[in-house]
Amino acid sequence: MALCRRAGIRPVMITGDHRSTALAIARQLDICREGELAVTGGELDFMPQDMLEHDIGKFSVFARVTPEHKLRIVRAWQKRGQVVAMTGDGVNDAPALKAADIGCAMGKSGTDVAKGAAHMILTDDNFATIVSAVRQSRGIYENIRRTVHFLLSCNIGEIITVFAAILVRLPSPLAAVQLLWVNLVTDSLPAVALGMEKTDEDVMRRKPIKKGQGMFSFVDGLQIFFEGILIGILSLSAYLIGCRLEGHMTGRTMAFLVLSLSQLFHSYNMRSDKSIFRIGPFSNGMINFSFLLCGALQVAVVLFEPLRTVFGTVLLDGRAWLIVLALSFAPVVVCEIYKALNRKKI
């Protein structure tokens with residue numbers, strides 16, 4: 001119950017037992033706190049639905065209730081814009097289980113009617129299993145969110161690189177086959193690895209996502225766009241530096257390398273809102289594997305003659321490689337500064 005409270009989940013007891021019994025147990029379990037009330041089914045009979053919807057937040061215990069009362073309670077919470085999970089095991093729980101956003105029936109003690117009406121069945125009849133499921137689902141959601149964030153920022157970077165060059169009437173900094181390579185190799189494997197990130201320890205201290213809320217806020221959208229612009233600027237900078245050093249082909253090779261390698265470094269930024277050094281830069285083995293594999297493949301298209309012919313790259317000297325590595329690592333530096341400043345504001 002304490003974990004539910006920290007996670008922003010409001011536990012409510014609905015029972016057919018006597019009010020005094022239900023209230024005593026609810027207070028021991030911290031379901032009913034000071035200022036929260038108990039109400040009986042008899043009192044609900046004289047309470048209009050609109051009044052129940054208005055005052056539903058005041059009640060933590062509902063005693064001596066009927067199946068109709070349970071259904072009214074679920075709908076009252078939903079009317080307030082809340083996501084409702086209902087647990088039950090009997091035939092009288094079936095209507096409320098069906099009406100809830102997530103109906104959880106008991107797998108051991110539950111009736112067939114309750115199981116048929118529910119959206120999920122708890123095989124161990126343990127309320128703690130629901131809390132564990134919430135934690136796991138929040139982790140999955142965060143992984144999906146960070147993966148989409150990573151892919152959007154990387155693709156915006158690719159668009160900025162090509163589009164900005166067109167605006168200033170520069171030769172194309174990237175060949176079509178190079179863009180295809182970046183999308184197939186340096187985008188895909190890190191994105192998969194981000195989907196396997198461990199759940200943050202404080203995930204159950206965050207507020208629940210509101211019903212109908214989008215995956216990204218306006219601030220998140222600005223951050224994605226900024227990261228994309230950063231990757232695009234770094235790639236264009238590599239192209240201009242390379243053109244000044246050796247010419248167009250060197251510039252294109254450096255832009256190609258920076259675009260792909262900066263995305264690989266950026267995947268580490270996406271692992272958490274915390275500093276990468278705080279969570280451990282090497283704690284996700286899949287990210288490390290994808291970085292090494294994709295980085296090796298990317299370097300191979302420059303070092304090996306047959307691949308250079310296919311991808312239109314040229315050999316680089318030591319100075320050019322140092323510039324490529326410095327520009328590619330820049331997203332980590334920028335994001336770490338942003339995370340540090342953001343922590344100070346919090």
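Biologist: Is Arg 169 buried or exposed?

Modeller: This is a predicted model, and in it Arg 169 is exposed, with a relative accessible area of 79%. The cut-off for exposed is over 50%. Arg 169 sits in the loop between H8 and H9.

Biologist: Where does Asp 125 lie?

Modeller: Asp 125 is in the loop between strand E6 (120-122) and helix H8 (127-167). Its relative accessible area is 23%, so Asp 125 is partly exposed.

Biologist: Let us turn to the sheet. In what order do the strands E1, E2 and E3 stand?

Modeller: The order is E1-E3-E2, in an open sheet of three strands with parallel pairing. E1 and E2 are at the edges, and each has a single partner strand, so one side of each lacks a neighbour in the sheet.

Biologist: How many bridges join E1 to E3?

Modeller: Two bridges link strand E1 (residues 13-14) with E3, and these strands run parallel. On the other pairing, E2 and E3 are joined by four bridges and also run parallel.

Biologist: Which residue in E3 is the bridge partner of Ile 14?

Modeller: The partner of Ile 14 is Phe 62. Val 39 stands opposite Phe 62 in E3 as well. You can find Phe 62 in the structure above and look for Ile 14 and Val 39 from there.

Biologist: How many residues of strand E3 are buried?

Modeller: Five of the five residues in E3 (residues 59-63) are buried, and the strand is described as mostly covered. Buried here stands for under 20% relative accessible area.

Biologist: Which helix lies across E1, E2 and E3?

Modeller: Helix H2 (residues 19-28) does, and H2 runs at about 145 degrees to E3.

Biologist: With which residues is Leu 37 in contact, leaving aside its neighbours within four places in sequence?

Modeller: Those residues are Lys 58, Phe 59, Ser 60 and Val 61.

Biologist: Next, the helices. What describes two packed helices?

Modeller: Two packed helices are described by the angle between their axes and by the distance between those axes. Here, helix H9 (residues 176-186) and helix H12 (residues 248-269) have axes that come within 10 Å and cross at roughly 20 degrees. H9 and H12 are therefore roughly parallel to each other; angles under 35 degrees count as roughly parallel. The crossing of H9 past H12 is right-handed.

Biologist: Which residues make the contact of H9 and H12?

Modeller: From H9 they are Gln 178, Leu 179, Trp 181, Val 182 and Thr 186, and from H12 they are Arg 252, Phe 256, Leu 259, Ser 260, Gln 263 and Leu 264. By class, this contact of H9 with H12 has six nonpolar, four polar and one charged residues.

Conventions:
Residues numbered from 1 in each chain as written. Predicted model: local features only at pLDDT ≥ 70, side-chain atom pairs only at ≥ 80, totals over all residues. Heavy atoms only, no water. Axes fitted to C-alpha atoms, helices over the stretch in contact; angles between N-to-C directions. Parallel < 35°, antiparallel > 145°, perpendicular 65-115°, else oblique. Left-handed = near helix turned anticlockwise from the far one by under 90°. Contact = heavy atoms within 4.5 Å. Nonpolar A, V, L, I, M, F, W, Y, C, P; charged D, E, K, R; others polar. Buried < 20%, exposed > 50% of the residue type's maximum accessible area, 1.4 Å probe, protein only. Pairing = 2+ DSSP bridges.
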